[in-house]
Structures are given as structure tokens and as C-alpha cells.
Amino acid sequence: MELHTAPAPAAAASDSVELLFQRQRARAEALRREGWESRAARLRKLSRWIDDNRAAIQQALYADFRKPAAETDVSEIWSSQVEIKHTLRNLKQWTQPRPVGTPISLMGTRNWVQYEPKGVCLIIAPWNYPFYLAIDPLASALAAGNACIIKPSEITPTVAALLARMCRELFDPAEVTVVEGDKDVATALLKLPFNHIFFTGSPQVGKIVMRAAAEHLASVTLELGGKSPVIVDDTADLRDAAEKIMWGKGINAGQTCVAPDYVLVQESVKEKLVEEMKDVVRRFYDPEGEGVAASKSYARIVNQHHFQRIASLLEDAQAQGANILSGGMVDAGQRFIEPTLLEGAPAESRIMQEEIFGPLLPIIPFRTLMEATDVVNSRLQPLALYVFSQSAEHQRYLLQNIPAGGSCVNETILHLAHPDLPFGGFGNSGLGKAHGFAGFVGFSNEKSVLKQRVGRTGIKTMYPPYTPKVRKM
Ligand code: NAD
């Protein structure tokens with residue numbers, strides 16, 4: 001484990017994080033008294049650093065899993081800047097007390113909600129968008145006036161080291177710092193009485209985090225995963241749908257929390273949709289006909305463990321009768337898995353039970369919208385639901401009948417790029433929301449205030465002693 005305050009002491013890891021935590025806790029009191037301008041100054045510094053270090057960010061992502069620079073620009077750098085700049089534009093307004101109307105029973109009082117920092121926060125980040133998914137909650141934590149410790153994923157060590165350098169260059173470690181390490185480090189951190197924990201990762205680890213938070217009654221935001229379905233009906237523009245689905249699936253080689261996980265398509269348009277999807281893969285990743293593996297626009301699987309996991313999902317599905325419709329090439333040495341369409345995977349196969357988190361896309365035909373709805377609702381709540389249809393009635397039906405963390409109609413993934421749309425899951429896919437004002441609120445305590453005039457109260461008639469007149473009320 002490496003702490004970025006001073007050379008790592010020889011003492012036990014838990015002692016070091018404890019010390020760091022205590023320093024942040026002491027500083028949190030001063031941070032609480034700062035105005036929005038100081039918070040904005042930190043956010044501006046962060047934004048400038050990202051601009052100045054664009055090449056280093058691209059290189060780190062390439063080193064960790066050969067992520068194409070263009071994808072890093074959009075999904076790590078631009079997305080981080082959107083969040084920071086939106087926060088900067090709105091921070092003054094968000095931090096003002098929000099007036100609340102007065103009911104007749106409390107006439108004469110003034111009422112408002114004021115936002116105060118939670119204190120010392122922990123951000124645990126995953127590896128799949130390792131820069132953006134640390135910066136996004138950091139922007140919200142800073143906007144709300146907190147101190148925080150970031151624990152990046154050990155699976156993307158180059159990005160973790162870059163985040164650590166960034167924090168060293170920008171912040172006093174008593175305000176923001178990075179602690180690198182694996183789950184043992186996360187476990188040591190989770191023993192500390194943080195005021196809020198923002199976790200992004202798998203539902204399995206989310207449960208561990210929530211249990212640890214319960215020990216200190218810390219609040220949590222859990223940004224988890226799951227199987228996000230796409231539903232394509234017979235009114236959809238199939239070319240448009242195919243392009244948007246394969247873009248959402250292909251970016252980061254399918255290692256995206258909101259990637260389309262499986263496609264439910266109305267039987268009558270299945271073949272046409274599959275042909276369009278194959279064509280998109282050719283246009284996106286193989287325009288020269290040299291094979292997708294030669295594409296500079298396609299990332300690799302992050303490590304051998306995940307490569308083997310995804311490859312075995314495919315093998316297992318085939319063994320249970322699934323057919324590959326296109327793709328299917330895997331190369332362990334390169335950790336390369338081709339975008340792969342398959343059909344006929346049984347509902348009980350692992351590929352239809354586990355989050356795929358890779359470039360495999362099962363296709364499932366359906367006859368009625370009710371049938372498609374039942375397939376989705378027989379599983380745990382998805383993080384995202386994608387509906388491709390030109391029928392307003394069908395869109396309404398699916399949105400109303402399928403619970404999900406978020407949704408796009410005739411699009412994939414882009415709902416997470418809108419800073420005014422609260423982002424997050426529901427049930428198994430998460431708890432609490434991130435981005436924009438929702439993210440700011442997640443890192444704030446909403447303190448409710450009722451202000452009365454001296455000598456006035458609306459409830460004097462309810463004071464003891466309880467005469468018959470009081471009891472009548
Ligand atoms: P993960 O749960 O394995 O790890 C996430 C973080 O938790 C890492 O920093 C890791 O070191 C730490 N961790 C691992 N085991 C731990 C333990 N036992 N105790 C404490 N901490 C532990 O997830 P991952 O593989 O990094 O990411 C993939 C998952 O994250 C997928 O399920 C994906 O859908 C989800 N995800 C969700 C979002 C979202 O915004 N909802 C975004 C990205 C990824």
C-alpha cells in the first residue's frame with residue numbers, strides 16, 4: 001500500500017490509514033466553514049490539471065488495457081470535465097439555503113433546507129473507467145465541502161498512480177488523498193468511521209461495503225452493475241438501433257456498467273437487426289477487412305482473470321446450445337475478444353445469469369411486449385434499460401413496466417452524460433444517485449431548519465397541563 005502524504009511508514013497499513021483519516025477529520029472542521037468560492041477554486045484546479053495532463057491520462061489508460069485515445073478523450077476526460085464544469089456553473093446556487101413554504105399550522109415561522117458537508121468521505125473506484133469514476137464523485141465531494149480519501153482499483157495500477165500524482169500536485173493530503181492498494185487496503189479503510197462512502201463496483205462487493213458502513217451508520221452511495229437489457233420492437237429504425245447498440249457495446253470492449261448486456265428483439269425483425277449489427281461491427285472495427293484484432297479503435301480485456309471469465313461464458317453458452325451469429329474470435333495472449341453476437345443461450349446459462357461485462361451480446365427473440373417485459377423482470381433490477389421503438393405507446397409501456405436505475409429511448413449509455421439526470425441503480429444495481437445536483441446532495445447533509453419568532457408559537461394550546469381543551473385537538 002502506498003500513502004501519498006509521506007513515504008509509507010513501516011507500521012501496519014491500518015495504522016497509516018487511521019492517521020490519514022484523523023488528519024482529514026481535523027481538517028473537515030475548517031472545510032465546513034469555507035464558502036462556495038474555496039470549493040470552486042479546488043474544482044477549477046482539478047479541471048486545469050486534467051486539461052494539462054491529457055496525454056498522460058491517455059497513456060495511462062492505454063498502458064492498463066490498450067484503451068484507444070479517442071475513447072479516453074470522450075469517456076474519461078470529456079465526461080469528467082462535463083461534470084466539473086456543470087458543478088462550477090451551479091455551485092453558488094446549489095450551496096444556498098433552499099426556502100420551503102410554511103403550512104398554516106406553522107404560520108409565522110420561516111423554513112429552509114441548508115446543505116452542509118458530511119465530513120470525511122471515502123471513494124472506492126472500479127477499474128473500468130478508472131479515471132472518470134474517481135473524478136466524478138470527487139467533484140461532488142469537493143462541491144459539498146468534504147475531505148476525502150480515494151481508493152482506486154488495483155487492476156488499473158497505472159491510472160491509480162496517476163490519480164495519486166494528481167492529488168499530490170493539487171491538494172493538501174488532509175483534504176484529498178489517494179490510497180492505492182487492493183481489497184485488503186479497502187477493508188482497512190472500511191473499518192474507519194467515514195461519514196459517507198461512495199462505492200462503484202460489483203453488487204457482491206457493494207454488500208460488503210454496506211455492511212461495513214452499517215457499523216458506523218455511515219451513509220452510502222452504491223453504484224453497482226447488473227444485466228442491462230435492450231428491447232427492439234418491430235417499429236424501430238433497425239439501422240439506427242444497430243449502430244447505437246453496437247457503439248454502446250463496443251466502447252471499452254463491453255466493460256461498461258451500462259453496456260447493453262443482452263438484446264430482446266421482436267421476432268419479425270430479428271434477422272434484419274442482426275444483419276445491421278454485423279454491418280456496424282465491420283464499419284466500426286474492420287473497415288479495411290483485416291479483422292477486428294487489427295483495429296486501433298477497440299480496447300482489450302483488462303486482465304487474464306476477466307479474459308478467462310468472459311471466454312468461459314462464451315464456451316459455456318455454446319456447450320448449452322447457443323450459436324455464434326458473428327465474431328467469436330478470442331486471443332488469450334492479447335486479451336482480445338471479438339464483438340460477438342450469439343443466439344439460443346438458455347435462460348439458466350451463466351451468460352444469461354451473470355453480468356457479462358465484455359463484448360458478448362446474446363440475442364433473444366420475443367413475440368409480445370409483455371413477454372419481453374417478463375424476461376427482464378424475472379431478473380434483478382437492471383442499471384439501465386434501452387428501448388428502441390418508434391411507437392410512443394410501446395415506449396410508455398416498457399418504461400412503465402420495467403423498473404431500472406435509468407433508461408434511454410432510441411439511444412444507449414448517453415443518459416449518464418447528462419449532468420442534470422440523476423445517475424444510479426435501483427435495488428441490486430445500486431442505491432443513491434450521482435452526477436450534478438444529485439451527486440452534490442449525496443455528499444451533503446440536508447439540514448432542515450425551522451425559525452420561529454421569539455415569543456411566538458403556533459402550538460401553545462398543546463402545552464401541558466393537558467386540559468380537556470388540549471385533548472380535543
Ligand atoms: P469490484 O467490486 O470487484 O471492485 C471495485 C472496488 O472495490 C475496487 O477498488 C476493489 O479494490 C474494491 N474491492 C474489491 N473487493 C473488495 C472487498 N472484498 N472489500 C472491499 N473492497 C473491495 O468491481 P470492478 O470489477 O472493479 O468493477 C466492475 C463492476 O462495477 C461491474 O459490476 C460494473 O457493472 C460495476 N460498475 C458500476 C458502475 C456504476 O456507475 N453503476 C460503473 C462502473 C462499474
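Two residues are in contact here if their C-beta atoms, placed from the backbone, lie within 7 Å. Keep that in mind for the whole tour. What you have open is a predicted model, so local features need pLDDT of at least 70, side-chain atom pairs count only at pLDDT 80 or more, and totals for chains, interfaces and linings use all residues. Residues are numbered from 1 along each chain as its sequence is written.

**Stop 1: A134**

Select A134 and show what it touches. Leaving out residues up to four places away in sequence, A134 touches I123, A125, I150, P152 and L163. A134 sits in helix α5 (residues 132-143); helices (H or I, at least four residues) and strands (E, at least two) are DSSP runs, numbered from the N terminus. Is A134 buried or exposed? A134 counts as buried because it has 28 C-beta neighbours inside 10 Å. The scale goes like this: buried means 20 or more other C-beta atoms within 10 Å of a residue's own, exposed means 12 or fewer, and partly exposed is in between, with C-beta atoms placed from the backbone.

A134 and H394 are 260 residues apart in sequence, and their C-alpha atoms are 37 Å apart in space.

**Stop 2: the cores**

Next, pick I123, C148 and L189. Of the 64 residues in the largest nonpolar core, these three touch the most other members. A nonpolar core is a set of buried Ala, Val, Leu, Ile, Met, Phe, Trp, Tyr and Cys residues joined through C-beta atoms within 7 Å. The largest share of this core, 9 residues, comes from α5. Zoom in on C148: setting aside neighbours within four places in sequence, C148 is in contact with V120, C121, L122, I123, L138, A141 and V176. There is also a second, separate core of 63 residues, which includes F65, C257, F307 and A372.

**Stop 3: helix α13**

Go to A372 again, this time as part of a helix. The buried residues of helix α13 (residues 369-377) are L369, A372 and V376. Look down the axis of α13: its buried residues fall within an arc of 60°, so they line one face of the helix. That arc is taken from the directions from the helix axis to the C-beta atoms. An α-helix has 3.6 residues a turn, so residues three or four places apart point the same way. To see what covers the buried residues of α13, show β9 (228-232), β10 (260-266), β15 (360-366) and α14 (392-401), which are among the covering elements.

**Stop 4: two domains**

Zoom out and colour by domain. The chain's assignment gives domain 1 (17-224 + 435-445) and domain 2 (229-424), with bounds that come from an automatic or database domain assignment. Their C-alpha centres lie 30 Å apart. How many residues of domain 1 are in contact with domain 2? There are 19, and they meet 18 residues of domain 2. On the domain 1 side, the elements giving two or more residues are α3 (54-65), α4 (69-95) and α15 (436-442). The largest share of that side, 6 residues, comes from α4.

**Stop 5: around the ligand**

Of the 27 residues around the ligand, P126, A186, G201, G225 and C257 come nearest. Domain 1 and domain 2 each supply at least three residues of this shell. Which helix gives the most? α7 does, with 3 residues, while α7 (183-190) and α8 (203-216) each supply at least two. The shell divides into 12 nonpolar, 9 polar and 6 charged residues. Here Ala, Val, Leu, Ile, Met, Phe, Trp, Tyr, Cys and Pro count as nonpolar, Asp, Glu, Lys and Arg as charged, and the others, Gly among them, as polar.

While you have α8 up, click Q204, which is found in that helix. Q204 is exposed because it has 9 other C-beta atoms within 10 Å.

**Stop 6**

Most residues other than glycine have a negative phi, and most peptide bonds are trans. Then jump to R335, in the loop between β12 (330-331) and β13 (336-337). Phi of R335 is positive too, near 50°, and R335 is buried, with 21 other C-beta atoms within 10 Å.

Finish at P465, in the loop between β19 (444-451) and α16 (468-471). The peptide bond from P464 to P465 is cis, with omega near 0°.

Note on methods
Near = placed C-beta within 6 Å.
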